[in-house]
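Please read each one alongside the model.

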Amino acid sequence: MFERATGEIRTPDRLITNQVLYQLSHSGSDSATLRFGIRQPVKTFMTFRTPPHPVANLRTNSLFRRAFGDAFPSNLDVAYSLCERGGVGQGCQLVHFGSGTGSVSYLLASRTGCSVAGVDSSAQLVDLAKSERQTTDVEFQHSPLTQVPYPDGWGTHLLTESILTRTPTLPPMFDEIRRLLSRDGKLLNSEIVVADGRSLPPEVARFTDLMMGEDCLRTIDGWRQVIEANGFDVLEYREEPRVMRRNGEKLRRALMVVNMLRRTGRFSLAEFGLGAFENDFDETAMAGLRAMADGTLSYASFISEVSMLT
């Protein structure tokens, strides 16, 4: 059961996300106190006129979710491991950034006994999360991830799975994470990484730039430097090589279906914002598979705590 949150709650005049992952289109309602003890801002989210980011389209697609899972590009094993290593358990309050359809949040609450506050900037995904099941230990909010309507210091832990990889401007995101965490709270994040001393093939780099933003990929050391530069001390990190290998296997199977649908005119890359790859998609996909198989494109997890110097 959730404990009522206390402390100062921010209600900015306007909540305008500066991220590029999703297009927000949602109207706020009158202030109401939820079982979290959170007040929703009495304002309206502005609707973006730019098209949704390709990742947003993919995450809401049921075929993609069945093929790759709701935790993609991470997986449930990494989320379980991070929570176990980070000390998530009974009595803890976990903020889950990018909770999507909620399946991972529900499973983490069931496995660890913690309370989970799932936050996602896609209204469609949050609606799905709320509709699939209801428990007293899990709550979902539709909100920009840089303006989350929870009190300062609410969370004992915050989990995010490659959301930072897909965030073009990191300082506002880290500012919000520090605000949400208690003084001894822990950040549990996992990210796509590039192996030291290697570079992605040009066609794969072009694809990742479109999907996640230019210069979004870093080495493990690069991520450690970014995390520490934004007010955290990295306690532990590890490469998770099996994650990308499994993703490669899933991608290889999915490509067979996608190519069949493309040949019959039942699937268009342009529908997902990937029209630029219509003519060389096969070559790009195969180069990506090779980068996953040889370890050039990998995955890593990090556990950090708020620096005492901040």
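1. Helices (H or I, at least four residues) and strands (E, at least two) are taken as DSSP runs and numbered from the N terminus. On that basis, M260 lies in helix α9 (residues 241–263), and the protein chain has 10 helices and 7 strands.

2. The model is predicted: local features need pLDDT of at least 70, side-chain atom pairs count only at pLDDT 80 or more, and totals for chains, interfaces and linings use all residues. Residues are numbered from 1 along each chain as its sequence is written, and side-chain values use heavy atoms, with hydrogens and water left out.

3. Of the 310 residues in the protein chain, 53% are buried (buried means under 20% relative accessible area, exposed over 50%, partly exposed in between; 1.4 Å probe, protein chains only). With contact defined as heavy atoms within 4.5 Å, 78% of the contacts between residues at least 6 apart in sequence join residues at least 24 apart.

4. A nonpolar core is a set of buried Ala, Val, Leu, Ile, Met, Phe, Trp, Tyr and Cys residues joined through side-chain atoms within 4.5 Å. The largest such core has 47 residues, of which L108 and L217 touch the most other members. Helix α10 (residues 281–293) gives the most to this core, with 6 residues. Another core, of 28 residues, lies apart from it and includes L145, I220, W223 and A300.

5. Leaving aside neighbours within four places in sequence, L217 is in contact with T165, I192, V194, L200, T208, M212 and L297.

6. A79, in helix α3 (residues 76–85), counts as buried because its relative accessibility is 1%. Not counting residues up to four places away in sequence, A79 touches V104, L108, L159 and E161. The C-alpha atoms of A79 and L159 are 8.0 Å apart, although the two residues are 80 apart in sequence.

7. The structure holds 4 aromatic pairs (rings of Phe, Tyr and Trp, the last by its six-membered ring, with centres within 6.5 Å; planes under 30 degrees apart count as stacked, over 60 as edge-to-face and the rest as tilted). Y106 and F140 form an edge-to-face pair, 5.3 Å centre to centre with 70 degrees between the planes. This pair links helix α4 (residues 103–112), which holds Y106, to strand β3 (residues 138–142), which holds F140, 34 residues apart. Y150 and W154 form a stacked pair at 5.8 Å and 25 degrees, and both residues are buried.

8. M260 is partly exposed, because its relative accessible area is 41%.
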